[in-house]
Amino acid sequence: MEEATLQAVKRAMPGHGRARIHEKLISILGIEDQTEVEVSTDAGATLYLTVFADELVDEGTIRISGEDLKKLGIPDGGNVHVKRKIPLEEQVRTAAETAATQIKEGAQDIGTKLSETAEKIQKGAAETAEQLGTKAKELTDKVKEETKPIGEKVTKAAKSSADAIRDKIPIGKLAPEIEKGLSALSQEDAKKIRSFLTGVEGVSAAVPVKFASGRSFGNLTIPPEINLVAIQRGTALLELKPDIILKEGDIAYCSGPSDMISFVTRMLEG
């Protein structure tokens, strides 16, 4: 896996989970434009950001927001390590293969090692409930299949460890900022929004209203590519009526192409 050590330079605009690097680094890192990467520091802090190719950015730098610099605990101009984020499917497949190998070799601490692997998968998981459920089942079946010739005791350990991984994978989890907003709602309302956001293509977002405060919902220019799911005010959801007047602190849940999400974010948040 290719990795690059870059200088993290503060960008003027809010990041919203995005960063910019020189287009030459795209091929060096073995990724495509608008791909999620892992950005980490020598101290162990880690962020997952979507990188955009930009020929105006210096080759040895990555431009990220001041907020992300704070999360990483580094100053403007500090060094970070950037590499491709391993897709969840690849993590699960690797975990299954590692588990099977350890079991075949009679590893006594298989449960502990698999739990550690599950924790790593949990941190990077951001796929839909259906996808995660399918991958978790594949992992369980893989471990069971590989351990058939082994003794009953080891087989039971493998099964319980595989089941533990399924329990640890955050089924239906969305980005932290979305989950934070949903935590204020009733379980039923949160479940409804989560179901909408995980069942559509594109990027999902929870956009706080600030710049658009005082404007009516019907007065907004929402691109047709954007699926506006709901608007939250405190602990309640508002009906999407044209005469609703937005207030600062409202949260708009939406999904769609990343560039359109950026447009809506600028319109609502500023």
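Is T61 buried or exposed? In this predicted model, T61 has a relative accessible area of 8%. Because the cut-off for the buried class is under 20%, T61 counts as buried.

The surroundings of T61 can be described residue by residue. T61 belongs to strand 5, which covers residues 61-64. Leaving aside residues up to four places away in sequence, T61 touches L6, Q7 and V9, and also R20, I21 and L25. A polar atom of the T61 side chain lies 2.9 Å from the backbone oxygen of D58.

Another part of the model holds an open sheet of 4 strands, in the order 7-10-8-9 and with antiparallel pairing. The edges of this sheet are formed by strand 7 (203-208) and strand 9 (236-238); each has a single partner strand, so one side of each is left without a neighbour in the sheet. On average, neighbouring strands of the sheet are turned by 30 degrees against each other, direction ignored.

The general principle is that strands of a sheet pair through backbone hydrogen bonds, in either a parallel or an antiparallel manner. For strand 7, the partner is strand 10 (residues 251-256), and the two pair in the antiparallel sense over 6 bridges. Within this pairing, A205 has C254 of strand 10 as its bridge partner. Helix 9, comprising residues 258-268, packs on the sheet and touches both strand 7 and strand 10. The direction of helix 9 makes about 5 degrees with that of strand 7.

Terms used: Residues numbered from 1 in each chain as written. Predicted model: local features only at pLDDT ≥ 70, side-chain atom pairs only at ≥ 80, totals over all residues. Heavy atoms only, no water. Pairing = 2+ DSSP bridges. Axes fitted to C-alpha atoms, helices over the stretch in contact; angles between N-to-C directions. Contact = heavy atoms within 4.5 Å. Buried < 20%, exposed > 50% of the residue type's maximum accessible area, 1.4 Å probe, protein only. Polar contact = N/O pair within 3.5 Å; in protein donor to acceptor, adjacent residues only side chain to side chain.
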